[in-house]
Amino acid sequence: MQELVTRAKELLADGTVVRVLGWKRGDLSYNPEPAYFNSQEELEQFVYDGFCGANLSKYMIEGSKKEGKTLVFLKPCDTYSFNQLIKEHRVDRDKAYIIGVGCRGKLDVEKIKAQGIKGIQNISGAGIEEDTDTLNIRTIYGDKTCTYGSAMLERCHVCKGKEHMIFDEEIGESKDTKDADRFAEIEKIEAMSPEEKFAFFQKELSKCIRCNACRNVCPACSCRKCVFDSNQFDSAQKANVDSFEEKMFHIIRAFHVAGRCTDCGECSRVCPQGIPLHLFNRKFIKDINELYGEYQAGADTESKGPLTSFTFEDAEPGIVVERR
Amino acid sequence: MMQSQKEKAELIREISGVNPSKCMKCGKCSASCPSFQEMDIKPHQFVSYVLHEDIDALLESKSLWKCLSCFACVERCPRDVKPGKLIDAARQMVIRQKGADYLSADEIPELLDPELPQQLLVSAFRRYRR
Amino acid sequence: MSIEKTNEFRPKIVAFCCNWCSYAGADLAGSSRLGYPADVKIIRVPCSCRVNPMFILRAFEKGADGVILCGCHPGDCHYTTGNYYARRRMTLLFSMLDYLGVENGRTRVEWVSAAEGVKFSTTMNEFVEKIHSLGKNVRLEDLRCRN
Amino acid sequence: MVYSYYPGCTLKTKAKDLDAYARACAKVLGFELEELENWQCCGGVYPLGSDEIATKLSSVRALAAAKEKGQDLVTVCAACHHVLKRVNDDMKNVEDIRFRANNYMELDEPYAGETKVLHFLEILRDRIGFAALKDKVVKPLTGRKIGAYYGCLLLRPSDRMQFDDPENPSIIEDFIRALGAEPVIYPYRNECCGGYISLKEKDMAKNQTDLIMESAAGMGAETLVTACPLCRYNLNQSRTQEKVPVVYFTELLAEALGVKAEAAETNAEAAADAKGNTKPEADTDKTEDMQEGGTQS
Amino acid sequence: MQRIGVFVCHCGSNIAATVDVKKVVEMAALEPGVVHAEDYQYMCSEAGQAKIDAAIKEKNLTGIVVCSCSPRMHETTFRNAAKRAGLNPYMVEIANIREHCSWIHKNMEEATKKAVILARAAIAKVSLNTPLQQGESRVTKRALVIGGGIAGIQTALDIAEAGYEVDIVEKTPSIGGRMSQLDKTFPTLDCSACILTPKMVEASAHEKINIYTYSEVEKVSGFVGDFTVDIRKKARSVNMDKCTGCGVCQEKCPSKKTPNEFNRGLNTRSAIYTPFAQAIPNVPVIDREHCTKFKTGKCGVCAKVCQAGAIEYDQQDEIVTEKYGAIVVATGFDVIKLDQYDEYAYSQSPDVITSLELERIMNAAGPTKGHLERISDHKAPKNMVFIQCVGSRCADKRGKSYCSKICCMYTAKHAMLIRDKYPDVNVTVFYIDVRTPGKNFDEFYRRAVEEYGVNYIKGQVGKVAPQPNGQLLVQGVDLIDNKQILMEADMVVLAAAIEPNKDVRKIATMLTASIDTNNFLTEAHPKLRPVESPTAGVFLSGVCQGPKDIPETVAQAGAAAVKAIGLLAKDKLLTNPCTAKSDELLCNGCSTCANVCPYGAISYIDKEVNDHGIRETRHFAQVNSALCQGCGACTVACPSGAMDLQGFSNRQIIAEVDAICR
């Protein structure tokens with residue numbers, strides 16, 4: 001981590017960049033937050049550890065509007081988002097100095113709590129350089145441990161890989177964390193009866209409080225004004241009355257990012273209600289891969305997305321029934 | 001049970017699955033039929049009789065027992081009418097009546113010869129008897 | 001074979017028809033007097049690609065029991081490519097609805113040319129029959145909006 | 001490759017040679033015909049009435065048995081092939097028949113036309129290929145002029161049978177060519193031989209076969225080849241002066257593959273066994289009809 | 001708030017018999033914004049339009065809904081009425097209560113209910129309409145005719161005579177088409193070549209007509225008034241300017257085994273060839289597939305014998321790009337393949353032929369030099385049998401469902417010509433019906449029967465059996481005598497169904513012109529607009545639209561020309577104002593919309609905007625309304641809803657959905 005700070009200071013000092021976009025220590029050891037650092041002093045607050053899950057790509061939309069270059073730290077998975085934003089002219093490549101940082105999987109404090117560890121005060125072992133598989137957790141009830149892997153975000157178990165898709169320089173090593181099939185969850189739901197499916201999503205989505213955290217964090221949901229906030233479709237934000245509104249919101253949100261979503265998993269990470277929102281996006285990704293050929297949004301900055309291209313032989317919508 | 005001509009026509013349509021109104025009266029069925037000479041009611045007339053619900057005449061017709069079910073008429077019909085299936089349906093209607101078999105057990109022995117294959121007997125039974 | 005039963009479930013069915021093929025096909029069904037149930041109401045759109053998934057969900061939200069989208073046959077789009085985009089969009093949307101446990105069969109895409117009045121009519125008859133077999137759309141309806 | 005095999009009643013009685021040659025040839029060609037256990041007579045003709053269920057059940061049983069074994073179902077007799085193929089088609093496509101037949105049958109798993117029904121000739125054409133067959137020929141029938149007699153059962157109705165062009169078929173001609181002989185094309189090769197009519201209306205059948213025989217002979221055929229025992233019987237009843245001998249296609253095949261003699265031997269043994277038995281059909285006859293018919297021998 | 005007027009049409013009894021129009025008026029009047037509602041016998045009539053006019057003026061209406069027939073029928077009528085009354089024509093919406101309601105429902109209560117709902121949807125929509133202005137686009141004063149048969153030639157001549165430039169694109173090496181293959185024409189029996197050749201010459205000599213033979217349309221873009229077309233000029237391998245048409249190359253060409261397409265494969269031709277003697281241009285092409293020089297590199301005889309040095313083996317295909325204001329499709333027909341009809345032994349006997357083949361046999365320039373003889377043994381026939389409706393009027397897959405229309409007449413023609421020239425030949429025609437609607441047509445057919453003794457038998461043929469003696473045994477039926485007929489014939493002639501040229505589907509796709517299940521191009525209206533395609537600027541000439549004979553083809557060719565001329569005569573076209581429009585404050589500039597636009601109508605600009613007090617330079621989409629055709633693909637691609645379609649806006653469609661589901 002120190003290496004990142006040192007390099008950032010150098011770049012600030014030599015004028016390559018005028019600010020740094022990174023993560024700042026939070027009030028607790030497991031909740032760092034994205035922040036701009038404008039001086040070497042401010043960088044003292046910089047942190048990069050296992051809890052720095054936040055994808056900084058989207059912040060570069062604003063960063064691109066600021067004067068001068070911004071140094072941004074991107075994990076391998078974040079670079080897909082950044083590429084996609086370049087493709088959509090939402091960020092300015094020339095305004096960014098990208099340091100691709102290593103990643104050994106990102107952590108989710110909820111996963112730790114779910115293991116029955118309560119009253120967390122401090123967690124150690126989450127550092128990026130630390131070569132340990134154990135997290136030491138100090139709680140008001142005494143010290144506890146859990147494995148690094150058991151505290152990892154879902155998305156890291158299905159990691160897209162260690163490569164940075166775009167960068168100016170790379171610092172740090174990454175680890176293979178993939179140990180699950182990305183589409184296993186989707187297939188499980190697909191195999192359910194319609195009643196089970198409906199019940200499953202009803203249960204999950206009834207938790208939604210329409211806080212819009214998923215939308216706000218999503219690098220693909222970068223509209224200046226969301227359709228759900230405008231009167232374009234007479235759908236301006238309404239109070240939640242029933243589950244349909246949530247369904248509609250989440251279906252349309254997933255549809256709007258279909259073919260553009262890089263599966264960065266931020267939506268599920270930030271949901272305060274713990275709704276597995278990635279299940280929507282990943283369903284579209286799975287369908288796209290199966291019906292129109294493998295496609296990874298953000299793998300490059302030129303290719304046409306699956307919903308802006310077609311072939312004469314494309315499957316008919318009736319295939320939905322046939323595949324069942 | 002006495003059935004009206006209309007009901008019988010309906011039954012023939014149902015058993016055969018044939019819609020006689022598709023016929024355009026080109027006569028290709030009769031032109032193709034190998035048993036044409038032996039038939040009193042010709043294949044194209046058969047379609048017309050069903051259309052006009054004149055079924056009793058068909059049930060008495062000797063054509064029922066002359067059709068080879070070779071499907072030449074079905075294959076070549078430009079309108080997909082399937083006259084052969086109508087004839088078979090009429091034959092079915094006859095043999096489904098008790099005692100109306102066209103082949104009785106008594107007459108079989110004299111029809112046989114040493115070379116005659118099983119298949120022939122089986123087929124004839126299916127066609128002629130309930 | 002139209003369904004003309006009274007005192008029972010009368011579905012609300014929205015049919016989006018592209019102006020060039022399917023709307024004309026529906027007109028042809030009309031001028032050929034090829035009936036289909038009055039439950040079907042047609043909305044004219046320039047092209048099948050004009051149909052936003054929002055429209056379809058909106059219809060369900062407001063109590064529709066089925067939504068069908070008709071456009072030109074692939075290769076025959078008046079705007080060359082519109083129906084290809086519509087095809088992908090609808091395939092994904094329908095797949096998602098299926099995934100969420102909404103009975104598939106409530107949504108359908110059919111390509112109907114201007115010359116296919118018969119197809120339009122049979123498609124609508126079939127679709128209404130299908131919706132009848134599925135019954136009222138309770139899974140997607142916003143109860144608040146029902147009259 | 002192992003296929004389920006449905007020989008049919010005639011191949012167990014009057015057309016044992018058709019069967020014996022088929023088995024011998026299969027061996028040479030590298031596939032196996034595994035006879036279904038407890039198969040029942042197909043009934044000889046396909047019941048045309050849309051309300052006929054009971055008369056189709058024996059075929060469904062055979063089809064379901066093949067499905068259970070996961071094998072394609074092969075027939076040699078044209079009539080059995082016709083019946084099985086069409087019943088299978090009904091089970092696949094006609095909901096009413098499928099529902100009612102399954103209701104009768106009470107199988108563990110409902111049958112819905114999954115089995116593929118193949119005629120022996122289709123195996124030769126589509127699985128082995130006539131070019132490959134040609135390579136296996138050891139005694140080419142060079143110089144022989146052979147007319148194919150298709151009859152109606154293999155070809156019609158073409159949308160169901162999907163066997164070959166119903167008006168200008170070529171599968172048997174290609175077969176004849178593969179064996180090294182010269183096919184003779186004559187126009188009546190796809191006209192009916194009279195079929196079951198020959199039981200009661202003997203003259204009518206003879207009119208038909210006279211036409212076929214004369215046409216074939218006129219065009220220069222020295223042998224006729226067929227896949228159907230009834231066709232062969234009827235053709236042999238023809239009153240024409242110059243009778244063209246009629247043989248089964250499997251016999252020609254066995255000859256060309258060089259296994260005719262040994263197949264004939266086993267066949268003769270079988271025939272001898274059969275003669276010793278006063279009621280040869282008893283073990284295969286499954287229907288009442290058959291037993292009545294069996295009194296003739 | 002809009003002030004809406006609703007006008008409900010009875011359409012005589014067409015609507016009023018099934019829909020309670022009074023009830024519709026009553027219910028519509030209750031809708032918000034509706035300040036006027038009335039019904040009338042015929043809204044489209046002058047009196048009906050006057051009512052609309054009066055209501056707009058008296059009640060200061062800002063929008064109107066007409067509940068009537070399909071908008072495809074009278075939308076323009078009512079828009080014009082609104083315009084005359086001073087209302088923007090795009091403030092008009094139509095509720096289709098005829099085609100989509102009264103004509104398909106029987107129950108009055110149901111139909112009325114539905115009509116009310118359709119009216120509500122239209123009212124809901126019109127409440128959100130905004131006045132739109134039509135733009136203008138230019139017209140390129142040049143027409144393209146695809147196909148150089150009699151239809152294409154006639155259309156081109158008529159357009160050229162009106163003073164406009166015309167290009168003909170013909171796929172084969174010469175113009176002339178099917179008509180050039182015919183010997184005589186009915187019902188006057190004049191020689192086909194004698195009447196066609198002068199037209200071919202006239203077309204090729206016309207200063208306004210430019211002919212691309214051996215060429216195909218490769219790509220079409222643009223729209224009415226402004227099409228851009230790529231034409232592939234296939235390499236002819238012969239220099240058109242140098243060639244003198246002497247024909248020596250064709251004589252000397254050693255490769256003469258290619259089936260002669262012009263003679264329907266009845267004889268062969270050389271690899272370098274002109275299809276027929278009167279070909280225009282009279283310049284041969286090298287059929288590279290069959291030319292020894294191209295196959296093996298050796299030969300080159302034609303180049304050696306060509307005095308003019310016109311042979312160019314290294315010619316390449318060339319793409320010419322041209323602009324056109326109007327396009328006429330005249331791609332014609334072919335006869336169906338008969339290999340599915342072998343009960344007639346077409347592929348088993350050379351003496352079973354199609355009527356088009358007979359046409360070539362009877363032609364002096366044909367394979368038999370005009371002598372009627374059998375192809376198998378060149379013997380003169382004694383008995384000929386004609387079979388009608390081979391593949392026409394078929395419900396099954398192998399044939400065509402339609403009547404090919406020309407066969408009855410050409411068969412009568414053939415029968416008559418044969419009986420006239422060879423009185424000892426017996427001619428029998430098996431027919432299902434003899435269809436002779438047309439001036440002097442039935443008289444013609446009757447002459448064949450009465451004066452020429454042609455034996456017409458009502459009934460079909462079941463089988464044609466080639467006999468060992470070379471005869472054809474025809475097994476047919478006489479339905480009048482109720483007898484099966486067996487007759488020997490020397491030749492059998494099949495009236496094969498005609499079908500649109502195979503390439504027409506490709507061309508229709510390029511033109512986005514619609515096509516029916518039989519591959520005939522669809523007309524804009526079957527009765528009232530029979531020569532126009534529903535695609536603006538595309539017109540139909542000849543059999544590509546439906547079976548027709550020569551006089552009908554020529555008549556339609558002229559009609560198509562007039563329609564094209566009517567278009568070319570305009571200096572400007574008014575464009576559809578229902579185009580896409582981007583909201584600059586909502587646009588993200590992501591370019592998704594541009595990716596799906598088929599017209600390249602969307603571009604991006606960087607411009608300073610004032611977004612609720614925030615001034616910043618933004619990158620956003622702009623629609624070129626001259627290029628935009630209003631499909632709406634972009635509106636759905638746009639995630640933010642910045643892109644909307646005028647006249648079919650998101651809110652309008654949603655209002656319709658809500659009204660229907662209410």
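The model is predicted, so local features are reported at pLDDT of at least 70 and side-chain atom pairs only at pLDDT 80 or more, while totals for chains, interfaces and linings use all residues. Residues are numbered from 1 along each chain as its sequence is written, and chains are lettered from A, with ligands numbered from 1, in the order in which they are written.

Chain E holds 18 helices and 34 strands, where helices (H or I, at least four residues) and strands (E, at least two) are DSSP runs numbered from the N terminus. Along the principal axes, its C-alpha atoms fill a box of roughly 90 × 65 × 40 Å. Of the 662 residues in chain E, 55% are buried, meaning that 20 or more other C-beta atoms, placed from the backbone, lie within 10 Å of the residue's own. Among contacts in chain E with a separation of 6 or more, 70% link residues 24 or more positions apart; two residues are in contact if their C-beta atoms, placed from the backbone, lie within 7 Å.

One sheet of chain E can be followed strand by strand. Five strands, in the order E10-E7-E6-E18-E29, form an open sheet with parallel pairing, two strands being paired if DSSP finds at least two bridges between them. Strand E10 (209-212) and strand E29 (538-540) of chain E are the edges, each pairing on one side only. From one strand to the next, the twist averages 20°. Within this sheet, strand E6 (142-146) is joined to strand E18 (326-329) of chain E by 4 bridges, and E:Ile146 stands opposite E:Val329. Helix H15 (550-568) of chain E lies across E6, E18 and E29, running at about 170° to E18, with axes fitted to C-alpha atoms, for helices over the stretch in contact, and angles from 0 to 180 degrees between N-to-C directions.

Turning to the neighbours, the contact between chains E and C takes 45 residues from chain E and 48 from chain C. On the chain E side, the elements giving two or more residues include helix H3 (71-84) and helix H5 (108-127), and H18 of chain E provides the largest share, 8 residues.

With chain A, 18 residues of chain E are in contact with 16 residues of chain A. Here helix H16 (592-596), strand E33 (614-623) and helix H18 (650-661) of chain E each give two or more residues.

Notes
Buried ≥ 20, exposed ≤ 12 C-beta atoms within 10 Å, placed from the backbone.
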